[in-house]
Amino acid sequence: MKILAYIIVFVLVLTSSGFSQSASDVSIKVSWQPLENNYNGKEEALSRIVFKNEGKTVLDKSGWKLYFNFIRIFEPKNSNPVFDIQHINGDLFVLTPNDSFKPLAPGEELDLQIVSKSWIVNFNDSPQGFYIAWDNGKITPLGEVERLEPVDKKRFYRVANDVEMTPDLIFEKNKRYVDSHSVQPGKIFPTPSKFVSVDGYFDLSGTTLIQGGGLFTNEIDYFINEMGELFHINFSIHKKPRSKDVIKFKLDKTLKEEAYKLLVTKDSIVVTSRSGKGAFYAIQSIKSLIKAEDYKSSKKDVIYIPCVEVYDEPRFSSRGFMIDVARNFQSKKQILKLIDILSFYKINTLHFHLNDDEGWRLELPSFPELTSVSSVRSHAFISSSSLPPSYGSGPLAKNRGTGYYSIQDFKDILLYANARHVQVIPEIETPGHARAAVKAMQYRYERLKDKDRSEAEKYLLYSVGDTSKYSSVQKWNDNVMDVSLSSVYNFLEQITDDIIGIYKSVNVPLHTIHFGGDEVPNGVWEGSPAFKKLKNEDPNIKSVEDLWFRHFNKLYEILDARGLYLSGWEEVGMKRGVTETGRKKWFADKGLTNKNIHLNVWNNLTGNEDLAYKLANLGYKVKLSFVSNFYMDMSYQKNFKEQGFYWGGFIDMEKPFSFIPYNYLKNQQMDWLGRKLPNNTLENHEKLTPEGEKNIVGIQALLWSETIKSEEQMEKMIFPRLLSFVEKAWAPAREWENLDRDSYEKAYHKDLNEFFGIVGNQELKRLQYYKQGYKCRIPTPGVALVDEMLHANTDLPGFKIYFTEDGSMPTLNSKKYTGPIRPNKNMVFRVLNDNGEGSLPAYYTHPN
């Protein structure tokens, strides 16, 4: 903590002296606009950055540098630019004015056109986090970048017909969901295995008593606390038999571990299960039966629970959600709020992505540098006492890129999750995506090397003198642990023991640690002195490729010795080889099979469509974590203003719902760019064997946080489409999953509209108020001119459409759309919920 305090003081001293200049002397407005994709016939993009001096003084031609983040490698369009451009590392760049730079007077603009080495699609691709570092040590943070839409949309296409989802295209798509608007609420969600509705209600009030205990004591306490928190209904446990106005918890050892029975009559509620898990899920179903509008008031005298008879069990034993807090941090309070809603929807695993290149988020007793140095992003990276700014976090230490969970915070999270039957799987990225750890241990090494060389080197994660050249997907050139070093395993073994110690201290079971394994770039370790030494000593190591199996086998042994199993990304079960064309590629490999290793398989993109099935068939335990269906950080649809990335395709509400776990290519036959997959892929992909199907142990949704700068953004990326994932994870298999194509469409369309109806008319209304409310992405309206009248629609029911005719943004005070209207100039349509929170606008400009 002393080191962290020093760093924060250092950054404040560094920056505060620059505020006077920032406020009164220099004010530079930055705007960015994409101009063209496929520039010069390549998979590149032309865009422009405009700097406007809005201050009162001239910006001189020297004495300063301009830092910023951009997720693309780029070069200037002009062969004689006014800046020298340097890529520092990752997404951090610096512009230094050169002799061609002319002083920028107040009111003047400087237009810098750049060519980036990949396509651009939406505002999330923009450069961000600009700040000026003056030669005298002062820092001037600049404001938010103004992101301007491209003028010529066709020049912005990546491939043919790469159109944005315009209001008329959305209108046409929304016709698929028209039947959802007549679906009535009142169902348990996610869909139970068996559900029978009976006339009548059970009156839940302060006079209601609970009978039960023993195995269900914790769940009963939870239920009592929930009803008190949500509705101020307080009831108590009663041991004497009672036949009316009672909730009974009963044991049935013949049921499966997470299964339950729920019987609601006018006189009683009876919950039957074999474990606390089953009882907990029955309680969630009781809460699901409560009308959504009842959650609006925090005080109710009586709650009416409809009479039902339910048998329920989950489809998958592992129903996971991964949250990345390394790229941008989320507070303990927000994580607890997330656990609340995950457990309500019967998700039982929180995969906690606690470190990456851009941050380390968990305090551990053995390594104070991990949080004192690598939980901070700021301009202090110049002195190696923090990580550099990333994803627009800026020069100051107080930003979304800075933060960590203290040991006590983490204990609180574990206890909260455990009480709600959510297993927390900590992820420690290795060997790649590990820059935060590498730099923290480098800082430790520099601190100790002159005092105790042996102790300094004990946990070193890079080989001094390594000349390896590589660049990761995120453009880092020093983010991989050198697995040739024994000190790497000293570090990872101590990390493991520290984590085990925290779990044990609060008596929360730990079954596995996720040790990453993804996206290690070509070129690593080839210039490592440690690798050369190991190669001479170990006859099994002939090339850097041989280090892979050795590394994860060592991690397996570390965990196995402690009674844990190894989890990782798909590459843990793979080996790098060479294709027939000489290209390096990862292939499924049986080297670590039959060791109960669990793999999250995310890559089902081109060439890897059947990878998950190959790994399961080999014997690995697989969690389907497909980018094309379950990545919650992808944009919902192609729109410049839509939050999220798109490299795995656009993921709307239907993508997760349509997923067929054991034969997903049956109805997913387009690639991430919307092009039909080759017949060879569709016909000849590897199918799951019966044994392989048993190895599909679960499915998982994932939220990476590169674009997420607030709690509201986090929640809007999760909801509503997480509900599609929830339904897939828990509900029984749908009939249409096994129908032939001729019979499939009708059954699928019926279930799809029923699902959309429950989501819109029930769940999203509940989410507005449940636990103080969760933000949700509200669907953009479709608008189309039909027979000279304007029609508008939404994909989800439960919302209202409002419009204006003067170009202003619609609010709850604007006109409400109730049916076709005559077109007018400058019309704006917007979908609003009951709280006035709205969608992206849909514009209609009358041609006359």
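1. Start with the second largest pocket, which comes out at about 1,300 Å³. Keep in mind that the whole model is predicted. The pocket's lining runs to 44 residues, and Phe650, Asp652, Lys655, Met670 and Gly674 are the ones nearest the centre. By type, the lining splits into 17 nonpolar, 13 polar and 14 charged residues.

2. Which helices supply at least two residues each to that lining? They are H15 (627-630), H16 (654-658) and H21. The largest share, four residues, belongs to H21.

3. While you're around H16, have a look at Ser658, which sits in that helix. Ser658 has a relative accessible area of 13%, so it counts as buried, the cut-off being under 20%. Beyond its close sequence neighbours (within four places), Ser658 is in contact with Asn667, Trp736 and Tyr748.

4. The largest nonpolar core holds 198 residues, with Phe321, Phe491, Leu722 and Phe829 making the most contacts inside it. H21, spanning residues 741-767, gives the most to this core: ten residues. There is also a second, separate core of 31 residues, and Ile49, Phe130, Ile132 and Phe156 are among its members.

5. Setting aside neighbours within four places in sequence, Phe491 is in contact with Trp360, Phe367, Leu370, Ala437, Met441, Tyr459, Leu461 and Met481. Leu722, for its part, is one of the buried residues of H20. How many of the nine residues of H20 (722-730) are buried? Nine of the nine are, and the list includes Glu727 and Lys728 as well as Phe725 and Trp730.

6. Phe829 leads us to a sheet. Phe829 stands opposite Ala842 of S35, and three bridges join S34 (residues 827-832) to S35 in the antiparallel sense. The open sheet has four strands in the order S33-S32-S34-S35, with antiparallel pairing. S33 (815-816) and S35 (842-844) are the edge strands; each has a single partner, so one side of each has no neighbour in the sheet.

7. Asn89 faces Leu92 of S6.

8. As a reminder, most residues other than glycine have a negative phi, and most peptide bonds are trans. The bond from Phe189 to Pro190 is cis, omega being near 0°, and Pro190 lies in the loop between H3 (167-174) and S11 (194-205). Another cis bond joins Thr430 to Pro431, with omega about -10°; Pro431 is in the loop from S22 (423-430) to H9 (435-448).

9. Asn161 has phi of about 60° and belongs to the loop between S10 (146-147) and H3. Tyr391 has phi near 55° and is found in the loop between H7 (369-372) and H8 (407-419). Buried or exposed, then, for Asn161? Asn161 is exposed because its relative accessibility is 68%, and the threshold is over 50%. Tyr391, with 6% relative accessibility, counts as buried.

Notes. Residues numbered from 1 in each chain as written. Predicted model: local features only at pLDDT ≥ 70, side-chain atom pairs only at ≥ 80, totals over all residues. Heavy atoms only, no water. Core = buried A, V, L, I, M, F, W, Y, C linked by side-chain atoms within 4.5 Å. Buried < 20%, exposed > 50% of the residue type's maximum accessible area, 1.4 Å probe, protein only. Contact = heavy atoms within 4.5 Å. 1 Å grid on protein atoms, 1.4 Å probe; cavity = no way out; pocket = protein on both sides within 12 Å on 5 of 7 lines; lining within 4 Å. Points joined across faces, edges and corners; volume = space filled by probe spheres on them. Nonpolar A, V, L, I, M, F, W, Y, C, P; charged D, E, K, R; others polar. Pairing = 2+ DSSP bridges.
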